[in-house]
Amino acid sequence: MAIYNLRVNGKKHEVEVEEDTPLLWVLRDHLGLVGTKYSCGIAQCGACMVHINGETVISCVMPVSNIGEDEVTTIEGLSINGDHPVQRAWDEVDVAQCGYCQAGQIMSAAALLKKNPSPSDQEIENGMNRNICRCGTYHKIREAVALASKIK
Amino acid sequence: MANLNKTSRRDFLKIAATAGGGLFIGFSWSSCDSPKMKVLTNEEVLAQSKHFNGYLSISPSGDIIIYSPNPELGQNIKTSFPMVVAEELDADWSRVRVVQANLDTEHFERQVTGGSGAMPHSWERLRKAGATAKYLLVAAAAQKWDVEASTLLTSNGMVTHRESGKTISYGDLVEDASQIDAPEEVILKESKDFKLIGTPVKNVDNPSMFTGKPLYGLDFYRQGMLNAMIQRAPFGMKIKSVDDSEAKAVKGVDDVVVFNNNVAVVGKTTWPLMKAKRLLKISYEPDGLVESTEDHDRLFKEMLDSKEATSMRKDGDVDKAFRNAAQIVTSEYQCPFLSHSPMEPMNFFAHVKNGSAELVGPTQTPERARMETAKLLGIEPENVTVQITRLGGGFGRRLAADFVIEAVELSRLLNAPVKLTWSREDDMTGGAYRPAVRYRFQASLDAGGNMTGYKLRGAGINAGNSTRQDNFPSGCVDNLLIDTIEHKSPITTNPWRAPITNFLAYAEQAFLDEVAYTAGKDPVQFRLDLLNKGKRSPVGDVNYDIDRMIGVIEMAADKSNWGQKSNVKQGFSVYFSHRSYVAQVADIEMDNNEPVLKKITAVTDCGIVVNPTGANHQVRGGIVDGMGHAMFGNLTFENGVSKQKNFDTYRLIRMKEVPEIDVHYVNNGIDPTGLGEPALPPTGGAIANAIFQATGKRLRSQPFIEQMEFPDTKMRIGRS
């Protein structure tokens, strides 16, 4: 066991866990931030997507010992009032079916748009292809990312 | 720590009581014809009558609470049910709050998500609930103003007196309305007067879902609970010995428990359990059939030739038709086992106490969870409570209660509240799959290319009856024989979205395409000819509506410009399932000799579309689901365990692979007939038939990705 001081959503958290514990389980089991979802555990589906220093990271395979001082952002910290352009677009387009994968989709989309504020359809598909949606909301996701790129 | 909002009926009553004299509508879900509607005072609600089992409440503040009894797994019932109530109520939708009900068999009926049946079952009941409340509010306004009720109008949560222009809000009327006797009969709106139904209303859980609030079973936390994970035995095997020394040595593991052929690891948090589970050394020995896919291949061959099949339907004289045939077409189709793989793996919380049990989690059948728990514990069902969380997908997997019972057993054994979590690997190896099935089709044609005889043998592994003997083309063919045969396997199976039809429709629609081709007929015209023949002179029982089926076929041909696009190869498919009709056309374009699936056009007759957004989700989602699994889905077995254990080897469809989907509805004003499943079955057939047009290759086996034998190329899907 080791003690880690993590910076998550602008706050500092001290956790005592084994060094191989994936960030996903630190967030869910130790910090109570359950918006980041477990689904595959092997970096195949993107349900656990978070940002580290603004870049997408698949948290189910990211050991807590690798985080250091880096700033972690989860769906709970993407915006204070749930009004990030991507969240607004997701609501406007009414993207979700079961909704379980959508936090990961939103985190992928937010990072994509930060790097590329006006992505083409092809760039949206490339940027979002790591995230699986078992319900098949892909058309709505495409539409919502395109809409978010227009929301200021 | 996170905690789910507890949405028990007590909470609802508390909300209502603090609002001080709200209006409660109870309505019977058991019979549309005799819903003795009654207005209940708070006290009466607290001492609820057994006849009343659904509730709508309006507080003096004008807030409306509508309970949604059915489990929500993405079919959008939590939004569409309340829409129907609010429509007849003429409510201000912005004042409606939707609350997920717990299992409550006294007050609700059919708290099940399955069979695309929620809206058909509840449509009229929901409307009557809303209309009764509106009647009482209008009556209260009429009394207050001393005018005739017929002179009053309702809109957006307000009652207006037409002549004077006086208005009053529902909230200001609820106390008076609660003193008035409910009517025996209410008048429902004409569908042309709907204001909310038929409009795109947003999912009521959007804000929670998009900000990461704890909604799902896996998010549930209870102070003092233990986490558990289980290593299950291969199918047909039993535990011989367990060495748990290494697993127990993992920090964070409190205990290892062997029960019912399972080995459970227990601790406070999840990750140590995942590690420890891998360190368990368990040896197994056979305890029945230990099967591999090669065994299934052999069994299928035997079953297709067997004399032991059960006859499901026989019309006319098939043998004679085949003796006199000008041509005979014979083909076999096969589909593998599939995993349901909802994004949220199986999980459940259970707390067994003295003579009672508290259950919380994602289930499509909360009542089954209760009944099986009561049976296991030997307690009365009413001592088992079930709180339904939002479900991270289901697809039929959560119709079973195996994962619930495991949590209950562990809670009893450990004498503690337990949350059981399945890993993805557990989910994929843990059974209750879509059964594997093979079909042998035969058709006889006369010299004019008319189908005179039709034979279907369905052979399945734990599939029950793998045919739907009364579906099309039954009723439209003079001589017909449909039979089925099953192998009972230790590999467990369960309904999977559009059970049986999710593979039967593909096989049948691809076979009929072969028959049309052999007969030298256009595939659309071939189907229409059969249906028109069935309409003129039906053969035996016809349990589908031929006109509705013709309607979607003709509209799909029209919307897809069937046969009119020179650079596009098209495949046609149509299917009736779960009371609704869906026709689909797949468009394929060749790009450097590679077939590229560009578009699927879908025409659906599901009656009235309650929420176009939700309906489009179900149609597009069903097609993506049908396409993804037809293309990639494959679960194979080795010694009683699936070889595929996670999404690295069990491929799910991704965004880049999804073509444009053009969605249309017949919109005929018929009461809603269900939409969670019917769009899925036709998709595999439409794609297979388009591939034949584009390449000349028949795809008679799923997954298609393993059937592509085009030289120097591979099939590309997606939008190029």
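This is a predicted model: local features need pLDDT of at least 70, side-chain atom pairs count only at pLDDT 80 or more; totals for chains, interfaces and linings use all residues.
**Close-up 1**

**Close-up 2. The five-stranded sheet of chain B.** The sheet is open, and its five strands follow the order β14-β22-β21-β20-β15 in chain B, with mixed pairing. Strands β14 (310-315) and β15 (327-335) of chain B each have a single partner strand and stand at the edges, so one side of each has no neighbour in the sheet. When direction is ignored, neighbouring strands of this sheet are turned by 10° against each other on average.

**Close-up 3. The pairing of β15 with β20 in chain B.** Strands of a sheet pair through backbone hydrogen bonds, in either the parallel or the antiparallel sense. Here β15(B) pairs with strand β20 (residues 437-445) of chain B in the antiparallel sense, over nine bridges. Within β20(B), B:R440 is the bridge partner of B:E332.

**Close-up 4. The crossing of helices α14 and α15 in chain B.** Helix α14 (residues 501-519) and helix α15 (residues 523-536), both of chain B, have axes that come within 9 Å and cross at roughly 100°; the two helices are therefore roughly perpendicular to each other. On the side of α14(B), the contact is made by B:L512, B:D513, B:A516 and B:A519, while α15(B) contributes B:P523, B:F526 and B:R527. The residues of this contact divide into five nonpolar and two charged, with no polar ones.

**Close-up 5. The contact between chains A and B.** Chain B gives 48 residues to the contact and chain A gives 45 residues. On the side of chain B that touches chain A, the elements that give two or more residues are α6 (206-209), α8 (270-279) and α17 (612-632) of chain B, and α17(B) provides the largest share, six residues. By class, this side of chain B has 21 nonpolar, 15 polar and 12 charged residues.

**Close-up 6. The largest nonpolar core and residue A:I106.** The largest nonpolar core has 254 residues, of which A:I106, B:L137, B:A228, B:V265, B:L359, B:A407 and B:V552 touch the most other members. Helix α4 (residues 118-145) of chain B gives the most to this core, with 13 residues. Leaving aside residues up to four places away in sequence, A:I106 touches A:I75, A:L78, A:V86, A:Q87 and A:W90 in chain A, together with B:F210 in chain B.

Technical notes
Residues are numbered from 1 along each chain as its sequence is written. Chains are lettered from A and ligands numbered from 1 in the order in which they are written. A nonpolar core is a set of buried Ala, Val, Leu, Ile, Met, Phe, Trp, Tyr and Cys residues joined through C-beta atoms within 7 Å. A residue is buried if 20 or more other C-beta atoms lie within 10 Å of its own, exposed if 12 or fewer, and partly exposed in between; C-beta atoms are placed from the backbone. Helices (H or I, at least four residues) and strands (E, at least two) are DSSP runs, numbered from the N terminus. Two residues are in contact if their C-beta atoms, placed from the backbone, lie within 7 Å. Axes are lines fitted to C-alpha atoms, for helices over the stretch in contact, and angles run from 0 to 180 degrees between N-to-C directions. Angles under 35 degrees count as roughly parallel, over 145 as roughly antiparallel, 65 to 115 as roughly perpendicular and the rest as oblique. Ala, Val, Leu, Ile, Met, Phe, Trp, Tyr, Cys and Pro count as nonpolar, Asp, Glu, Lys and Arg as charged, and the others, Gly among them, as polar. Two strands pair if DSSP finds at least two bridges between them.
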